Amino acid sequence: MTELITKRPTVTRRPAPAGVLLAAVFLGVLLLAGVAPWLLTGQDPLHAEVADALSSPSLEHPFGTDQSGRDVFARVVYGIRYSLVIGFGATLLALVAGTVIGVVSGLASRVVDGVLSRVIDILMAFPEILLALVVIAVIGPGEASLLTAVALAAVPAYARVARVRTLVVKRSSYVTAATALGVHPAVSVARHIVPNLLGPLLVMATMGVGTAIVSAAGLSFLGMGPQPPTPEWGLILSEGRNFLATAWWIAVFPGLTLTATVIATSTLGRYLQARGGA
Amino acid sequence: MIGGTIAVLAVTGMLAGCAQPAATQDTTITFGIAGANLSAGHMDIHSTQLDVGSLVLRNTFDSLVAQDLDGQFVPWLAKSWEISDDGLRYTFELRDDVTFHDGEPFNAEAVKANFDHVVDPQTASAQAASLIGYAEEGGYYVDTEVVDEFTVAVNFSQPYAPFLQGVSLPQLGFYSPKVLEEHADELKAGGPGITVGTGPFVLSEYTPDQELVFTANPDYNWPAEGSEHQGVAASDELVIRILPEDSSRVGALTSGDVDVAADFTPSMADQVGDGFTTTAVELPGIPYSLYLNEADGVFGDQKVREAFRIGFDIEAAIDSIYFGQFDRAWSVLGPTTPNSYDASLEGSWPYDQDKANELLDDAGWTERDSDGYRVKDGQRLSARWIAWTPVADDKASLADVIQSDLKEIGFEIVRDVLEPAQYNESYGPRDFDLTDWGFSSPDADVLRSHLHSGGFQTASEVTKPQVDSWLDEAVATSDAEVRQGLYENLQQWNNEQVLIVPLFVPSEITVAGDSVTGLVYDLYGRPAFYGASTTVGG
Amino acid sequence: MTRERRPHGRRGRLLQLAGRLGGVVLVVWGAATAGFIALRLIPGDPVDVMLGVHARVSEAVRDQIRADWGLDEPVVVQYLRYLGRLATGDLGTSYQLRKPVAEVIGNQALPTVQLTALALLFAVILALAAALLARGVRARRVVSVLELFVVSSPTFWIGLVLLTVFAYQLRWFPSAASGGFAALVLPALTLALPVAGVISQVLRQGLDQAEAQPFATTVRARGVRPARLVLRHTLRHAAADSLTLTGYLVGSLLGGAVLVETVFARQGLGGVTVRAILGRDLPVVLGIIVLAAAVFAVINLLIDLAYDRIDPRLRLVAA
């Protein structure tokens, strides 16, 4: 993402606002925790010290402990990995699949484009979580299914943008000129269309990561994601929900981290958008 | 255990005398249960294998005999019965004044129609058929015979001791023969006009996953012998609310939305505070246990099984998770199982990680991989634990602890929580290393399905001739002492072989508001609402 | 769905309406077919689903059940039968509940409709309040931070937090889905908050644009009070923009209902959906897919039609 910013020469170089910097720092810490969670906590997220179950936040357990006596902070930190993998993985998958479908649809004959764009429109009418649920209904619950379901549910949105952009570029003078000069359409696609798509789609994807993380956590909360005792955020919330009357910390901290992650990615996304992405 | 087992029962029972049985107008008693799976085709007592069916439908279906709290059988719909000397024929003399909710008479024909329905393959009975002793091959049950209008006989090919036990349960209760004829395919869904029995309450409304409304049967006058309450049910209406979330049941009870709530855990009971009576009945039968598949995988080695059993601190876990209210189990039968429990096993396998480590070293699991797990011949010491959804919070915590403790001795547990259909796919071909459940039953014969070669709940397909012969002998004899001896052999055998690892003896916990009187509980700790009412406004 | 150039004249309109209704049927058929094919690909035996765990039945009984449900017939026959039944409004019979799927869905529709309707009401009230309050610079900053927060928070987490604060700590509302209005407030609020955040964002942008237009200045010059101006004139213009979102919002509400119903252990279609998916109750899953397709196709149709009414200028814009 930072690469993207430096590569864009178009915009005046104003320093980013504090909120954006904060978001970037937060995401940096998350990435670090995703790669090396042991740097942030000395505790084992699976270690169940049942005698310490449901103890409130303290120096030893900054986020308290859960119903099995596991350290909630360690579980949140180790859970980052799952959320990031699903968030970025699903978004990347959706981005690639959506771009391919959108470009194909934009370049194809009227009939093919008509059918494809119709299907995309119809799928767009469904909320992502319902689409993801349908995908899970077919491929069954689990960690890999979760990623696939979230990705597939997001494909139509990318496909639609990719298609519209492709149409615009296809009709632009330089592409028609190139075609008239006998340049192979595939070359045009590679040289003109895809680069033109990437900017807006990447900005969209930055914001999409947040949505994907929330969708995944929601599905996992419904029991359609990883197995317990995986420290996945949605699962932590789902496992702890019967203990909220006595232990509010089980819900509050994982949820706050989740919300902060989404805010950070969308803040960054909006910033990129404002700097001339879309 | 909460306040001793059976002693608690009497307390609520005796209070019945204080309340005026002649109910004031329109009295309703409400009962909250978890019951989430009831709607999944489990409203039919003849086919369901789930306890929730019995819990809900006991109010609508009567049995031939009742089992009192001492384990003795007393007359109910049968005035008396006789067992032939060879143990092959049970003859029941029926009451002649009993009618079904739809007005059909209860008689020998009705009993036959029901037992025929239970063993009919179309019924696909998952429990009632085995309670009656029926099996397609190697069963005990032969047929039911109408002797005269109010005399019925049941014939067996071999003596089958648990039969009276079976006919005392709601699963072998009686539908109106008219319903069996006209609505046989709707029984699993159930509902008014379909779930029709002879019991004190008539099902009048049913909203799946939400509630069941029962109205008092105005003609009812045939409670089991020894019932304090007589005549029509004490409350005019019984409403059973389905509240699958633990917190909703606690909330509904404390806010007064329901008068009685079942399926409580000790931690929930802990939350309700004053003004409520908690009843805990320690369940007979098989404690909540882990079932090890010794046919292949790591549990093929007895040393590994032994190390597994003592490798986690079960006592501390149970104490903490159940607030000291459940006892850890030592034997594969619960202490309250009649004529069978072997108390000598208590204390015989305490938690001992050092010994567990030694056993695993001896078994050749000496190397460790980068995650700290033991390795032998390039294979990790790892066992796959399958469970079906939903896993209760307490069981999940217990599993967390077991997994965490065993990791300390380098033993990996991989937990696979599966949907029932997927679970069956793994369970059927015995494709797992361990699985878990508790199986309450007031008869030690429950061990037959769990240890007998080819038994439905036997975790492996390994044949065990000695065990089979003990089990077969025990089911055929009605001599209490002989049975006790045989079941002690079986418990000791399991203790040496470590095939079933009992974890704790669960109690059925039910909490009632103090305004509720006349509630009585059966051997399973299930409340019966026949004599129960609330004293609203005095 | 995309808006196309609208033909003029009554006849043209009617023809187009017929075409669109045909589109709705096509969408439902497509969903039913795609769903049917997808669900046939699922491994596993439906008989296992029907029996549940620890059912002691023989292979003969299983075959019997298979025959009873027509599962032993060729897939093509099963598909044609399914379409035939679908045409008559019969969605099949649930494996688990042993009841007609239409009845299962019908019985659970009311609680979901109540929940989403109240949530929509809450969302609109909250969004209007936020949009009207956020007229000053400082208020605007506070409101936009709040918006960002609720829009970014997962619905189910908002539910858990509201439950913890208002049901467990303050005890203002019941924690159990005991029926009655009080039990509906927290779930509806949970569902409403993120939606309110989105509506409020869009509404504010629309208001800003509308206020900057010449007609607003004219009206103000006639001495109309600012609050009245906002309410009467600019909101109407802004509303046309917000309508673009209605489809999205209905979707969010129905999608969110799945999670909210689970958090609050409420009855409803969400619960039915989750249970059907986890329990592999294929006829119910298929029924919900078909129903959802029908609902969304009809909603989109209605939105397209509504566009014509609210702001005639949009016809030109869209074309």
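How many helices and strands are there in chain C? There are 13 helices and zero strands in that chain. This is a predicted model. Chain A has 10 helices and zero strands. Chain B brings in sheets, among them an open sheet of seven strands and an open sheet of four strands. Chain C touches chain A and also touches chain B.

**Confidence in chain B**

- The pLDDT of chain B averages 88.
- A score of at least 70 is reached by 94% of the residues in chain B.
- Residues 1-24 of chain B have a pLDDT below 50.
- Beyond near neighbours in sequence, that stretch of chain B still has 44 contacts in the model.

**Chain A: helices throughout the pattern**

- Along the sequence, chain A reads α-α-α-α-α-α-α-α-α-α.
- The C-alpha atoms of chain A fill a box of roughly 75 × 45 × 25 Å along the principal axes.
- Chain A has 278 residues, and 53% of them are buried.
- Take the contacts in chain A between residues at least 6 apart in sequence: 70% of these join residues at least 24 apart.

**Chain C: helices again**

- Chain C follows the pattern α-α-α-α-α-α-α-α-α-α-α-α-α.
- Chain C has 319 residues, and 41% count as buried.
- Among contacts in chain C with a separation of 6 or more, 73% come from residues 24 or more positions apart.

**A helix pair in chain C**

- Two packed helices are described by the angle between their axes and the distance between the axes.
- Helix H1 (residues 10-40) and helix H4 (residues 75-87) of chain C pack at about 145°.
- The axes of H1(C) and H4(C) are 11 Å apart.
- The crossing of H1(C) and H4(C) is right-handed.
- H1(C) brings C:Ala32, C:Phe36 and C:Arg40 to the contact.
- These meet C:Val75, C:Tyr79, C:Tyr82, C:Leu83 and C:Leu86 in H4(C).
- By class, this contact of H1(C) with H4(C) has seven nonpolar, no polar and one charged residues.

**The seven-stranded sheet in chain B**

- Strands of a sheet pair through backbone hydrogen bonds, either parallel or antiparallel.
- The strand order in this open sheet of chain B is S8-S9-S10-S1-S11-S22-S12, and the pairing is mixed.
- Strand S8 (201-207) and strand S12 (276-282) of chain B have a single partner strand each, so one side of each is left without a neighbour in the sheet.
- From one strand to the next, the twist averages 20°.
- Strand S1 (residues 28-33) and strand S11 (residues 260-264) of chain B pair in the parallel sense, over two bridges.
- B:Gly32 has B:Ala261 in S11(B) as its bridge partner.
- Helix H7 (residues 246-254) of chain B lies across S1, strand S10 (237-242), S11 and strand S22 (507-513).
- H7 of chain B runs at about 155° to S11(B).

**The four-stranded sheet in chain B**

- This open sheet of chain B has the order S4-S5-S7-S6, with antiparallel pairing.
- Strand S4 (78-83) and strand S6 (141-148) of chain B are the edge strands, and each pairs on one side only.
- The twist here averages 20° from one strand to the next.
- Strand S5 (residues 89-94) and strand S7 (residues 151-156) of chain B are antiparallel and pair over five bridges.
- B:Glu93 has B:Thr151 in S7(B) as its bridge partner.
- Helix H3 (residues 108-119) of chain B lies across S5, S6 and S7, at about 165° to S6(B).

**Where chain A meets chain C**

- In this contact, 33 residues of chain A touch 36 residues of chain C.
- On the chain A side, the elements that give two or more residues are helix H4 (110-125), helix H5 (128-139), helix H8 (185-221) and helix H10 (249-274).
- H10(A) gives the most to this side, with eight residues.
- The chain A side has 25 nonpolar, six polar and two charged residues.

**Where chain B meets chain C**

- This contact takes 30 residues from chain C and 34 residues from chain B.
- On the chain C side, helix H2 (46-51) and helix H3 (59-68) are the elements that give two or more residues.
- The chain C side divides into 15 nonpolar, 10 polar and five charged residues.

How values were computed
Residues are numbered from 1 along each chain as its sequence is written. Chains are lettered from A and ligands numbered from 1 in the order in which they are written. This is a predicted model: local features need pLDDT of at least 70, side-chain atom pairs count only at pLDDT 80 or more; totals for chains, interfaces and linings use all residues. Two strands pair if DSSP finds at least two bridges between them. Axes are lines fitted to C-alpha atoms, for helices over the stretch in contact, and angles run from 0 to 180 degrees between N-to-C directions. Two residues are in contact if their C-beta atoms, placed from the backbone, lie within 7 Å. A residue is buried if 20 or more other C-beta atoms lie within 10 Å of its own, exposed if 12 or fewer, and partly exposed in between; C-beta atoms are placed from the backbone. pLDDT is the predictor's confidence in each residue, from 0 to 100. Ala, Val, Leu, Ile, Met, Phe, Trp, Tyr, Cys and Pro count as nonpolar, Asp, Glu, Lys and Arg as charged, and the others, Gly among them, as polar. A crossing is left-handed if the near helix is turned anticlockwise from the far one by less than a right angle, and right-handed if clockwise.
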